[in-house]
Amino acid sequence: MKKLHLIIGKLYKIKYLTKFKPIFNVVDSIFVGVKDTTDSAPHVVDNLDTKRYMTAVIVALMPATLASIYFFGWKALAIIFVSYAAGGLAEVTFAIIRKKEIHEGFLVTGLIFALVLPPTTPLWVVAVGVIFGTVFGKEMFGGTGRNIFNPALVGRLFITLAFPSIMTTSWLKPFTDAVTSATPLTTFKSMQVVTPFSNLLLGDCTGSMGEIFRLGIIVGGLFLILTKVSNWRIPVSYLGSVFILSWLGNTFLGVKVAPPLFQLFAGGLLFGAMYMATDPVSSPFTKSGKWIFGIGCGIFTFLIRNFSGYVEGVMFSILLMNAFSPLIDHLVIELKYKPVKK
Amino acid sequence: MKLQILSIFIATIFTHNIALTYLLGMCPFISLSRSLKTAWGMGLSVIFVVTLTGALNWIIYHWILVPTQSELISYIVFIIVIAASVQLLEMILEKFLPGLQVSFGIFLPLITVNCVVLAVSLFMVIRDYNFIQTVVFAFGSAVGWTLAITIVAAIKEKLSLSGDVPKGLQGAGITMVIAGIVALTFLGFAGMVAIQ
């Protein structure tokens, strides 16, 4: 390993290759590791750097990823590959032009972005989405650790609104090739049919590639919480508020609102609450801010799912609360640490 | 009737937000969103002035312009009413409530050129609102505009601490990007409430 480090060190000192220093650095740090401290969020008081942080998230994403490859075969593989390639290209271009480091944050963004897409997404749409997300969601704000919005969701939102027929009407059941427009949430909205829980848990239903194997998502999410990589406050308050609100709605408004347990397990709620809302960079830094963030996500998800023209509100609600989180942090700090008036 | 007023209020804030859906009032939106304090000050003055001029313009339009069949000059009348009432308001504040006038500061005269004010008066004519609906619509639009500018101002304050925006995008550029993404997320509310 040390030899590799020395070789890389010599390589980028060669005149023609100096420009590509960021690429050498990232190869160097993946294989050899660096001892530098972080200079931007996420900061943790532990011997944990951004790289180990991101590795933990990727390990936690593995059940969902492997399940999506098992369910959809080469389609899932191709989407993940294109997502990494196109997004990586945008990332590397920015790093070279701005003479910055390449951050491993992209390894997570690229994977999450692929997992929240329907398995039928054409590959060029995948590329458009991931490039938009990386450039407008992350690089324009200064790269990993400085973004305001979750870059994967920005990309997903852009292609959902730009190509609605591709993104919302063609879904696949695992192991089949028959395109259908029905997901558990749409069948409930049109026919009030609740999909059985075993189907939802084990992935025998339609949905985005990574969100349907919910058992794996729960295991991965618990792994993240137990290793303290993600904060337990956000998933608990998010899932809790959706559960309570839909219980109230189901009791008082009747069949218009889906029953609470079904809402909890349908759609991308678990995936969003475990992996996306907990993003340490785009969620509030303060503890009470995290509670407010989770509850706000829950309220917006409930409202959009049950009362708007969209069937699924997880993406919108997390991005909305991303937008609100600087304001939440500001207000929490203002209220909690008020200067004493004389 | 009551429900309709509530739905107008919700719609003006979320589904038909005047800053994020109609992209109105962009010049103060971009220039004053640098700090949370100025954004909040501007927002408060907009809420006050828009509600006031919306009500005034409704009265003038329906009690003077319509009976005399001179709707054609409504644009000029609305602009004059807005400019005059803002000036009048400033004088009144200066005389009786100097503290409030100082805290509004530069924003009050600036509002005369904020297109949200005129847009609210014109929407109220197109959509044929009655008086109460107009007041609710005007108040809601201004609250929605204030919400949008406070969100963006808080984001920009955070960016100025932790961000690293490319040189060419600093200032107005990144504000447009932020406003665009926030506007996209607000589209999630589409279809929740319908107004004309």
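This is a predicted model: local features need pLDDT of at least 70, side-chain atom pairs count only at pLDDT 80 or more; totals for chains, interfaces and linings use all residues.

A search of the whole structure turns up two cavities of 30 Å³ or more, along with 26 aromatic pairs over all chains. There is also a helix of 25 residues in chain A to look at, plus a few residues with a positive phi, B:Leu23 being one of them.

**Helix H4 of chain A**

- Helix H4 of chain A covers residues 74-98, which makes 25 residues.
- From first C-alpha to last, H4(A) reaches 36 Å, close to the 36 Å expected at 1.5 Å a residue.
- Just past the end of H4(A), you'll find A:Lys99 with a positive phi of about 55°.

**The largest cavity**

- How big is the largest cavity? Its volume comes out at about 320 Å³.
- The lining has 24 residues, and those closest to the centre are A:Met54, A:Val108, A:Tyr275, A:Asp279 and A:Pro280.
- Four helices of chain A each supply at least two lining residues: H3 (50-72), H5 (105-115), H7 (151-162) and H14 (269-276).
- Which helix gives the largest share of the lining? That would be H5(A), with four residues.
- By type, the lining splits into 14 nonpolar, eight polar and two charged residues.

**Aromatic pairs**

- Any pair of aromatic rings can be described by how far apart the centres are and by the angle of the planes.
- In chain A, A:Tyr84 and A:Phe106 make an edge-to-face pair, at 6.1 Å centre to centre with 70° between the planes.
- A:Tyr84 sits in helix H4 and A:Phe106 in helix H5 of chain A, so this pair ties together parts that are 22 residues apart in sequence.
- A:Phe106 has a relative accessible area of 6%, so it is buried.
- Over in chain B, the ring centres of B:Phe123 and B:Phe137 are 6.2 Å apart and the planes meet at 90°, so this pair is edge-to-face.
- This second pair links distant parts of its chain, with B:Phe123 in helix H7 (residues 115-126) and B:Phe137 in helix H8 (residues 131-162) of chain B, 14 residues apart.

**Positive phi in chain B loops**

- B:Leu23 isn't a glycine, yet it has a positive phi of about 55°.
- Look for B:Leu23 in the loop between helix H1 (2-15) and helix H2 (26-31) of chain B, where it counts as exposed at 52% relative accessibility.
- B:Asp128 does something along those lines, with a positive phi of about 60° although it is not a glycine.
- Where is B:Asp128 found? It belongs to the loop between H7 and H8 of chain B.
- B:Asp128 counts as exposed because its relative accessibility, 58%, is over 50%.

- A:Trp124 has its place in helix H6 (residues 123-138) of chain A.
- At 51% relative accessibility, A:Trp124 counts as exposed.
- A:Trp124 and A:Trp232 are 108 residues apart along the chain, and their C-alpha atoms are separated by 36 Å.
- A:Ser165 lies in helix H8 (residues 164-169) of chain A and counts as exposed at 52% relative accessibility.
- From A:Ser165 to A:Ile299, the gap is 134 residues in sequence and 27 Å in space, C-alpha to C-alpha.

Methods
Residues are numbered from 1 along each chain as its sequence is written. Chains are lettered from A and ligands numbered from 1 in the order in which they are written. Side-chain values use heavy atoms; hydrogens and water are left out. The expected span of a helix is 1.5 Å times one less than its number of residues. On a 1 Å grid over the protein atoms alone, a cavity is a set of points where a 1.4 Å probe fits but cannot get out, and a pocket is an open set with protein on both sides within 12 Å along at least five of seven lines; lining residues have an atom within 4 Å of a point. Grid points are joined across faces, edges and corners, and a volume is the space filled by probe spheres set on the points. Ala, Val, Leu, Ile, Met, Phe, Trp, Tyr, Cys and Pro count as nonpolar, Asp, Glu, Lys and Arg as charged, and the others, Gly among them, as polar. Buried means under 20% relative accessible area, exposed over 50%, partly exposed in between (1.4 Å probe, protein chains only). Rings of Phe, Tyr and Trp (its six-membered ring) pair if their centres lie within 6.5 Å; planes under 30 degrees apart count as stacked, over 60 as edge-to-face and the rest as tilted.
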